[in-house]
Amino acid sequence: MSQTSNEAKPLGIACLGITHPHTSGRVKAFSRMPDVRFLGAYDDSPLLEPFVDALGLQVRSKEEILADPDVDIILVHPKSHLMAEWAIEALEAGKAVLCEKPAGRGSQDTQRIVDTVERTGRLFQVGYCWRFSPAVEKMQEVLQSGALGNVLQVRAHAGCSHNEADTNHMKQPGDLGGAFYVIGCHTIDRILLHFGMPKSVNARITKFKGQMPDSAREDVAAAVLNYDDKIVTIDFASWDPMPWTESWDITAYGTHGVMHSTPMPASYKIFHDGKNGHPQGWTHWNETSFPEIWAVRKTVYSPEIAEIGNPVYFDREAAAFVNAYRSGTPSQVPAIQAHNINLLLEALFLSAERSGQEVKL
């Protein structure tokens, strides 16, 4: 359903859920846009009052927000067990929805969202903000161009730092997993963007006795994604010693070239062998400046995990969402992507439970 009829009207935005540590970053990103106004926030958490005080919002009930005809867009950012329920309520109320990933606790939740989007025709975007890194966009462009030749092997790494793997945010009851599920899903999003769904997986997702806090979930994960024409390997560390995301990378190995891409700080390097119309040798690129780290400090409304300090990906994400809303074009990160990510993660955890046995998708 096109929503271009609202083009001349200032966009009204409200929050359902504020406890996810990305909420403040997204509120600030939308607040920087012209012709946008915030029309309230709701959560059943005691963190709501300090959140609205800090960000200049108004406390409203969920029912008031859903019934308000001036609310066009709802940011759904509660804990994972409420994401699908509140997103579905917002869609059924005629609102466009930007929902924090992973959009629920598993494929049973994301299937319900997919069905609701199909039934209502409303815009739904999942908050995989790393998607909007210029290094990710460049890798997609290069892969689709065929410049690397036949890509037969891909290696991906990601991690969770600052000991966040042992926070309550990474140990929500009913979640499929811990840090690998909540943070590793960003890398799964990139793999599905670049290469689509594999035909099967093998995985090991491991907790080492006595090595790290017992209350945390998986310590490390490694997986093989099997395609008809390539193998993609993933490894993940829950206790990354680097600040934030410097270690995250994906490298694609083709018959005529290699590309290495890191999302933030955004950089890539490409090697061509000179045999497919490209000059031989390396091309290197990185963003010209990186003045703010990804996350900066804990706050009264985000006491466990530091809030986001670097605005760049939230700004790009918000712009893509508003453009889709204004123009009626498809979501860049639709509900089916969240669903496929959950299906793939469930297959990985099932394979790990079976000591690495192959699980078909």
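These legends go with several views of a predicted model.

**View 1. The overall fold of the protein.** The C-alpha trace spans about 60 × 50 × 40 Å along its principal axes. A compact globule of 361 residues would have a radius of gyration near 21 Å, so the protein's 20 Å agrees with that expectation. Take the contacts between residues at least 6 apart in sequence: 71% of them join residues at least 24 apart.

**View 2. The surface and its charges.** The protein exposes about 14,800 Å², and carbon and sulfur atoms supply 51% of that area. Look here too for the charged side chains, 33 positive and 43 negative. The centres of these two sets lie 3 Å apart.

**View 3. The largest nonpolar core.** Moving inward, buried residues make up 58% of the 361 in the protein. The largest nonpolar core holds 112 residues. Those touching the most other members are Phe 30, Leu 75, Ile 113, Phe 124, Ile 191, Leu 225 and Leu 348. Helix H10 (residues 335–353) gives this core its largest share, nine residues. As background, nonpolar side chains tend to be buried together in soluble globular proteins.

**View 4. The surroundings of Leu 75.** Which residues does Leu 75 touch, not counting those up to four places away in sequence? Its contacts run through Ile 13, Ala 14, Cys 15, Leu 16 and Gly 17, then Arg 26, Val 27 and Phe 30, and finally Phe 38 and Leu 98.

How values were computed
Residues numbered from 1 in each chain as written. Predicted model: local features only at pLDDT ≥ 70, side-chain atom pairs only at ≥ 80, totals over all residues. Heavy atoms only, no water. Rg over C-alpha atoms; globule rule 2.2 N^0.38 Å. Buried < 20%, exposed > 50% of the residue type's maximum accessible area, 1.4 Å probe, protein only. Contact = heavy atoms within 4.5 Å. Areas by Shrake-Rupley, 256 points an atom, 1.4 Å probe, with all protein chains shown as cover. Lys, Arg positive; Asp, Glu negative; His and termini not counted. Charge placed at Lys NZ, Arg CZ, Asp CG, Glu CD. Core = buried A, V, L, I, M, F, W, Y, C linked by side-chain atoms within 4.5 Å. Helix = DSSP H or I, 4+ residues; strand = E, 2+ residues; numbered from the N terminus.
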